[in-house]
Amino acid sequence: MSLFVHSLTALDASYWCAERGLVGASWQVDVELDGELGEDGMLFDFGEVKPWAKRQIDATLDHTLIVPTQMPGLSVSECAEGLCVRTQLPWPMEVRAPRQAFTLLPWSTIEPQRLGRYLGEQLGKRPPPRVGEVRVQLREEPIAPGFGYTYSHGLKRHAGNCQRIAHGHRSRLGIWRDGELDEALIQRWCARLADIYLADRADLVGSEEDESLRFAYESAQGQFRIRLPRERVVLMPFATTVEQIAHWLAEETALAHGGRIRVQAFEGIGKGATAEAKR
């Protein structure tokens, strides 16, 4: 007997790619459980499936940097912060953070289908009673080309796992100018924010004119550091929460193009913030 739950939760993370570099990702999580029915005629109470699975996902992949350790030009070593990940392809990056901020996988690439199988194996290590096998499928939200953006960031003041310095999201973006959806503006911003790192200027170590930018902070989970090329970073004058991202996009768009601007910025799937500005 199988029990399934589609769109049980969403998984937000970043992963390293030899072609794109640091990629923000968001996936819908579908779960299927195989097992034997109990005397109550149920395999597993639907009301208990989501909290059980979400606890396991939050403790594994969610809000981590997923690292394919067998990728050429990539190394992992211990450091004072916990682990240090260095990359060379397609551009150099260094991340130093507590161990729980990373998911290390002995692969050469990160692929959603394989990642889903891995997650199913992890959930299956501590299955509920009567459940013998767990299968997981990860699905991207359908977004038309040019109308979604991908970014990575860290929020040092966040009480949860968003404080990790290199996690990310794949998100929709909507921009209205004088009440009309402006597809050209959306596509322009999505191109600029593709596979970008959004950073709070307050966390910058050194000069913003340096060829490589370094950011560091300490939060409840420990010390975090990241170094990456200047062209891969957008500096913001405040914490990179989705509320501030929406506000920044609205202000920058109004300043550059005039009119009454409304921005709907998503943070992953099904959640986000709206902001308005006028020039």
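In which kind of crossing, left-handed or right-handed, does α3 pass α4? The first legend answers this. The model is predicted: local features need pLDDT of at least 70, side-chain atom pairs count only at pLDDT 80 or more, and totals for chains, interfaces and linings use all residues. Residues are numbered from 1 along each chain as its sequence is written, and side-chain values use heavy atoms, with hydrogens and water left out.

**View 1. Helices α3 and α4 pack against each other.** Helix α3 covers residues 183-192 and helix α4 residues 242-257. Helices (H or I, at least four residues) and strands (E, at least two) are DSSP runs, numbered from the N terminus. The angle is about 120°, and the axes lie 12 Å apart. Axes are lines fitted to C-alpha atoms, for helices over the stretch in contact; angles run from 0 to 180 degrees between N-to-C directions. This makes α3 oblique to α4. Angles under 35 degrees count as roughly parallel, over 145 as roughly antiparallel, 65 to 115 as roughly perpendicular, and the rest as oblique. The crossing of α3 past α4 is right-handed (near helix turned clockwise from the far one by less than a right angle; anticlockwise is left-handed). From α3, Leu185, Arg188, Trp189 and Arg192 make the contact. From α4 come Trp248, Leu249, Glu252, Thr253 and His257. Contact means heavy atoms within 4.5 Å.

**View 2. One cavity of 30 Å³ or more is found in the whole structure.** A cavity is a set of points on a 1 Å grid over the protein atoms alone where a 1.4 Å probe fits but cannot get out; lining residues have an atom within 4 Å of a point. The largest cavity holds about 50 Å³ of space. Volume is the space filled by probe spheres set on the points, which are joined across faces, edges and corners. The lining includes Gly154, Ile165, Phe215 and Thr240. Strands β12 (196-200) and β14 (212-219) each give two or more residues. β12 gives the most, with four.

**View 3. Ala216 sits in strand β14.** Val205 is 11 residues away in sequence and 6.7 Å away in space, C-alpha to C-alpha. Neighbours within four places in sequence aside, Ala216 contacts Asp203, Val205, Phe224 and Arg225.

**View 4. A cis peptide bond joins Leu89 and Pro90.** Omega is about 0°. Pro90 belongs to the loop between β5 (82-87) and β6 (93-97).

**View 5. Ser7 has a positive phi.** The value is near 50°, in a residue other than glycine. Ser7 is part of strand β1, residues 2-17.

How values were computed:
On a 1 Å grid over the protein atoms alone, a cavity is a set of points where a 1.4 Å probe fits but cannot get out, and a pocket is an open set with protein on both sides within 12 Å along at least five of seven lines; lining residues have an atom within 4 Å of a point.
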